[in-house]
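Please have your viewer ready.

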Amino acid sequence: MENPLQQTPGAGTALTEEVAQFDAIIIGAGITGLYQLYRLRQLGLSVRVYEDGAGVGGTWYWNRYPGARFDSESYTYGYSFSEELLQEWDWKEHFSGQPENERYLNYVADKFDLRRDIRLNARVASAVYDERENIWQIQTEDGHRARAQFLITAVGLLSAHYVPDFAGLDSFKGAWCHTGRWPKEGMDLRGKRVGVIGTGATGVQLITEIAKEVVHLTVFQRTANYCAPLRNGPIDPETQRRIKASYPEIFKKCSETPGSFMHQFDPRSALEVSPEERLAQYERLWAEPGFKKWLANFHDVMIPGEANEDYAKFVRNKIRERIKDPVVAEKLVPKDHMFGSKRLPCESGYYEVYNQDNVLLVDVREAPIERITPKGVKTADAEYELDVIIFATGYDAVTGSLNRIDIRGEGGQTLKAKFAQGPRTYMGIQSAGFPNLFTINSASVGNFVRAAEPLVDWVSDCICYVRNHQFSRISPTPQAEAAWTQHVAEAGAKILRTQADSWFVGANIPGKARALLTSPDSAPVMRAKRAEVAAKGYEGFLLQ
Ligand code: NA7
């Protein structure tokens, strides 16, 4: 369906001189943006969503690369707010792929008539706070301007795609792209010599898929990852019926776990059972689909220490077993970071790819990439001739997507400067000096939708509170913000997620300050903290 706003004179690009006025502006029409629009509209606010893409879906609009799919069980990932939607929508696979996920989000946009408030192809370039009027004014790259009391950045956790600054990329004679900007019309890789840089969750999905069709594949790996079998499959009618009958239990289960998945840790320590029993549990979970092998394991597998290393050894051996060439196998076995310190890439035949004659693994830690040449990629050791280069090199997470908008708060200060040493917020939601701005794009590092929905609900209630109490602005006290920032640093230092050099802590982007970009607390703890703050009349916030 076309976006009606694009055709209506006065609401589209024709309206460059007038300034559109709303109660709230949302940036981004992905999972959180769509739901935020739905909720604020329900509360009677006038809302406009600005979306960079030509369609809705956010992550599931942009990430069209072959193999892109959920690592959460599909039926735990969908929205829970509408029973009708839950009963109408049939997830076809246990771990649904991008085309279906994009279809789902379009279905949601149509079902709830969201499109009339979404302006597509509209990249917000700046957002400036007018202190006298308590109004945010945004401007899109095409010159459209709009004002609103509340501004919500639903810009995603992983949406600012990152292409390393390799010398010579402009000189490359072939085609190249980043996985997060995969062309809508697709890329014909058949018969081509393709190079993939990056072996994170994205690279692992992509490599497995395209190895089936390219004439030759060169994989440039800097860090080997712990990858685990996804064990995907279609959902048969009987299972579908059971899923639909048990959504309340499924969502309840998810609400009780740290990462909002339906897997509960085993409360026992891996070290308190016999080695035989331990191994039996590892094997049993390994045969299960998805993250169960990770998140239903002995609880201390996810704590730095002996149990974690014991399980890491088990996974390393699982990897070794699948690769014929022992030299290649050792390159694919991670030894420099703890199991679980990065998100576990799930795979469906990834390691077997390296047994194919047309696939070459290049270790760019041993011989770093020096430059891109007209013909391909030049490392310290050799030049690899390629027709296509694919960057599966990840994202400037959380703050990256905010920094790409010129956001200016009180006194003209920029959010970019304020976050230069890492985010300084209260509960990830607001930052002092930026009243009525809700940065909800750090919602979750677990099962995204499960954590995003309650956050959107909280923000919606908060906005309602501000309006109903005739306040015009809300922002955190500097004390609450300082205490939260300290909590993130201190509690964050103890968790696995901060132990590796990954996007979780900004370590994947050269020059980015190292800081945990999300909350160190579990999802239930975060929800409880937010509820308590709200119950105490938004304690820690200044309401004026
Ligand atoms: P990731 O997990 O950040 O992975 C990016 C990959 O790109 C990773 O293997 C990086 O190696 C590699 N990379 C990045 N820069 C370079 C350079 N300069 N040279 C060589 N290799 C490089 O992003 P993904 O898109 O895979 O996954 C992001 C999330 O999406 C994931 O956590 C899931 O939640 C879904 P490195 O490890 O830094 O050595």
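How far is an oxygen atom of the ligand from an N or O atom in the side chain of Arg222? The distance is 2.8 Å. Before going further, please note that this is a predicted model, where local features need pLDDT of at least 70, side-chain atom pairs count only at pLDDT 80 or more, and totals for chains, interfaces and linings use all residues. Residues are numbered from 1 along each chain as its sequence is written, and side-chain values use heavy atoms, with hydrogens and water left out.

**Around the ligand**

The ligand is surrounded by 20 residues (a heavy atom within 4 Å); the closest are Thr199, Thr202, Arg222, Thr223 and Trp503. By class, this shell holds nine nonpolar, seven polar and four charged residues. Here nonpolar means Ala, Val, Leu, Ile, Met, Phe, Trp, Tyr, Cys and Pro, charged means Asp, Glu, Lys and Arg, and the others, Gly among them, are polar.

| Residue atom (N or O) | Distance to a ligand oxygen atom |
|---|---|
| Thr199, backbone | 2.9 Å |
| Arg222, side chain | 2.8 Å |
| Ala392, backbone | 3.3 Å |

On its own the ligand has 780 Å² of accessible area (Shrake-Rupley method, 1.4 Å probe), and the protein covers 85% of that.

**Between the domains**

An automatic or database assignment sets the domain bounds: domain 1 spans 20–56 + 114–160 + 397–543, and domain 2 spans 197–238 + 262–391. Their centres, taken over C-alpha atoms, are 33 Å apart.

Conventions:
Polar contact = N/O pair within 3.5 Å; in protein donor to acceptor, adjacent residues only side chain to side chain.
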